[in-house]
Amino acid sequence: GAELTKIADNAFENCKLLSDVVFPSKLKSIGEECFRGCESLTKIKLLDVIDSVGKCAFADCINLAEVETNGLKYAPLYKDVFENTAFVNNARKNKQMLIVDNTVVDGRCCAGEVVVPEGILHIGAGAFFNCKGLTRIIIPESVEVIDYSAFEPLILGYFSFRFETTFLHKLSNSLLLPKRN
């Protein structure tokens with residue numbers, strides 16, 4: 001346990017009775033669909049040493065209502081990590097943007113003009129995926145990274161940046177925004 005650094009894809013998928021997970025202190029990566037369908041999970045705590053949480057890692061954990069973190073700068077969450085969980089479904093039902101630490105994780109229920117709160121550093125993969133009701137989004141200066149699929153399949157014309165956008169850089173699969181004074 002203590003030396004475990006990666007949990008493989010699908011490792012605990014559909015373990016319906018799994019109700020508690022304690023991640024080891026050296027864990028760096030949680031694989032795709034790793035805990036998908038673990039219906040008895042209600043709460044998880046992600047450690048700040050985790051570098052990535054794979055696509056759909058906790059999807060369909062229908063009773064997962066609380067996600068605690070240890071102050072991650074950028075929540076390392078891939079698209080649909082919490083899809084079909086109480087955590088996401090409650091936010092969508094209340095038409096709220098879902099934020100984990102400094103990262104917008106889900107805003108698919110948003111419509112009209114949306115203002116991302118100041119202090120957000122990261123807009124995660126798929127956060128506004130296929131958000132057809134979105135007419136305008138205002139992104140504050142605090143945002144440093146916008147993941148590659150954050151706004152798929154929307155067009156950049158919908159965005160209003162509160163800083164000069166000509167300096168956007170394509171880096172890996174993310175937009176890395178320039179440091180501002």
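The model is predicted: local features need pLDDT of at least 70, side-chain atom pairs count only at pLDDT 80 or more, and totals for chains, interfaces and linings use all residues. Residues are numbered from 1 along each chain as its sequence is written, and side-chain values use heavy atoms, with hydrogens and water left out.

**Exercise 1.** Classify the pair of Phe12 and Phe35.

Solution. Start with the rule: rings of Phe, Tyr and Trp (its six-membered ring) pair if their centres lie within 6.5 Å; planes under 30 degrees apart are stacked, over 60 edge-to-face, the rest tilted. The count by this rule is 6 aromatic pairs. For Phe12 and Phe35, the centres are 5.2 Å apart and the planes 5° apart. The pair is stacked.

**Exercise 2.** Are Phe12 and Phe35 buried, partly exposed or exposed?

Solution. Buried means under 20% relative accessible area, exposed over 50%, partly exposed in between (1.4 Å probe, protein chains only). Phe12 has 35% relative accessibility, so Phe12 is partly exposed. Phe35 has 1%, so Phe35 is buried.

**Exercise 3.** Classify the pair of Phe23 and Phe35.

Solution. The ring centres of Phe23 and Phe35 are 6.0 Å apart. Their planes stand at 80°, so this pair is edge-to-face. Phe23 has 8% relative accessibility and counts as buried.

**Exercise 4.** Which residues form one aromatic cluster?

Solution. The cluster consists of Phe12, Phe23, Phe35, Phe58, Phe82 and Phe87.
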